[in-house]
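Reader: I have a structure to learn from. Can we go through it in short questions and answers?

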Amino acid sequence: STARWRVEAPPTYAFCSLLFRGLESSVLRTYMLPLAAAALLSTAAVAWPDGSPAPKCGPKAARPITPTKTAAYEAAVARGSAVPSVLLCRPFDDGNVGAAARAMLNFGLSDLRLVDPTAHAQSDEAVLRASGAAPILRRCETHETAADAVADLQLVLATTARPRESRIPVYAPREAMALAAAAIARGERVGLMFGSEKNGLSNAELDAANAIVTIPTFPGFSSLNLAQAVLLVCYEWGAIAEGENQYEVARQAYDADEAAAEAEGGSGARAPLGQVDSLLRFWEERLWEANFFGGNRALHSQYGPEEGRAQERSRAAAAMAKLRRLVLRAQPSKGEASLLRGSLQALVVPKGGGRGAVEDGGGDSEREQEREG
């Protein structure tokens, strides 16, 4: 019924109602009806992984959490106290809480604790900004005071940029995460504390911390968005923490591909120096043909034709030495070296001949390329 659609999808219903009132042509109505129906159906409620309804807030929040992200969340939860907890003191922006949860899951953290929050951790905005890390928001704890939130922790690192009078040690994020890793290795539980968006951490909240973490920002403009600060500190944790991370996954895949190419000796293997030398000789021949190194200028040199030609050869040698260093630095594969040579050949000898084609087109060089592989 109309009433039912108004309740479940008010923005979409209003759009469709306005659209139909403005369409006088029955033909247009016929073609627009399927689109309108699809728009209405797209607002159907989706579920959390456990089957309970999820809040709706635009297309991203309404999109179901993928199995990959669900598996990542479960793997992060399984780490338990082997990774730090994150404590947000007096957060007031729902979106920042959601974005902080996303930053946590990016680096395998899952235990979120809110201290005296104004923000609502399960609001539509928080779920939208969490983007797949919304399950962290569902299981986060809420505490009245910082002392309550850190009661089960042995090491608490508080992030703040303001100098404090108390004699509490101050560390850069990387140093602090090294301390955190060492504490966890001893079997201790660690917390990373962050202050309110309005005024940071209070003195009472700092009293619950063992040390201060100060991000090396530019003096005079050191205030960071709450979720940005969480992301930076969690990144430093991810950089030193034991266990698999995405960089290692990508690097291992690349190394495996390179090893397989080397073993097969195919086009993915690194080009042998003989092939590189053949490429550079072909390149130099074409540059001479194009008068790149001077052409007829040698004949009119103030030092005479012979000296002019000697200078051209010297310039050519210097230029080719630079090109050789460039190619060797790139470490091209066999296929890449062949592609480069073929593209150069196409520039000087277009397919089918035509304007700009060079007579005989370097046939000797082509046969040499075939012999070199």
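Reader: Is Phe292 buried or exposed?
Author: This is a predicted model, in which local features need pLDDT of at least 70, side-chain atom pairs count only at pLDDT 80 or more, and totals for chains, interfaces and linings use all residues. Residues are numbered from 1 along each chain as its sequence is written, and side-chain values use heavy atoms, with hydrogens and water left out. Buried means under 20% relative accessible area, exposed over 50%, and partly exposed in between (1.4 Å probe, protein chains only). Phe292 has a relative accessible area of 53%, so the residue is exposed.

Reader: Which aromatic cluster includes Phe292?
Author: Rings of Phe, Tyr and Trp (its six-membered ring) pair if their centres lie within 6.5 Å; planes under 30 degrees apart count as stacked, over 60 as edge-to-face and the rest as tilted. The structure holds three aromatic pairs. In one of them, Trp288 and Phe293 are tilted, at 4.8 Å centre to centre and 55° between the planes. The cluster is formed by Trp288, Phe292 and Phe293.

Reader: Why is the pair of Phe292 and Phe293 edge-to-face?
Author: A pair of aromatic rings is described by the distance of the centres and the angle of the planes. Here the ring centres of Phe292 and Phe293 are 5.3 Å apart, and the pair is edge-to-face because the planes stand at 80°.

Reader: How many helices and strands does the protein have?
Author: Helices (H or I, at least four residues) and strands (E, at least two) are DSSP runs, numbered from the N terminus. Of the 373 residues, 37% count as buried. The count is 17 helices and seven strands.

Reader: Why is strand 4 largely enclosed by the rest of the structure?
Author: In a regular strand the side chains alternate between the two faces of the sheet. Leu155, Leu157 and Thr159 point one way from strand 4, Val156 and Ala158 point the other way, and all are buried. Strand 4 is largely enclosed because the buried residues number five of the five, residues 155-159.

Reader: Which residue of strand 6 is the bridge partner of Leu157?
Author: Two strands pair if DSSP finds at least two bridges between them. Strand 4 and strand 6 (residues 190-194) pair in the parallel sense over five bridges. The partner of Leu157 is Leu192.

Reader: Which residue in strand 7 stands opposite Ala158?
Author: Strand 7 covers residues 211-213 and pairs with strand 4 in the parallel sense, over three bridges. Opposite Ala158 stands Ile212.

Reader: What is Ser85 in contact with, leaving aside its neighbours within four places in sequence?
Author: Ser85 is found in strand 1 (residues 85-89). At 2% relative accessibility, Ser85 is buried. Contact means heavy atoms within 4.5 Å. With those neighbours left aside, the contacts of Ser85 are Asp111, Arg113, Leu153, Arg189, Val190, Gly191 and Leu192.

Reader: What separates the C-alpha atoms of Gly108 and Ala76?
Author: Gly108 lies in the loop between helix 6 (94-106) and strand 2 (112-115). With a relative accessible area of 11%, Gly108 is buried. Ala76 is 32 residues apart from Gly108 along the chain, yet their C-alpha atoms are separated by 4.8 Å.
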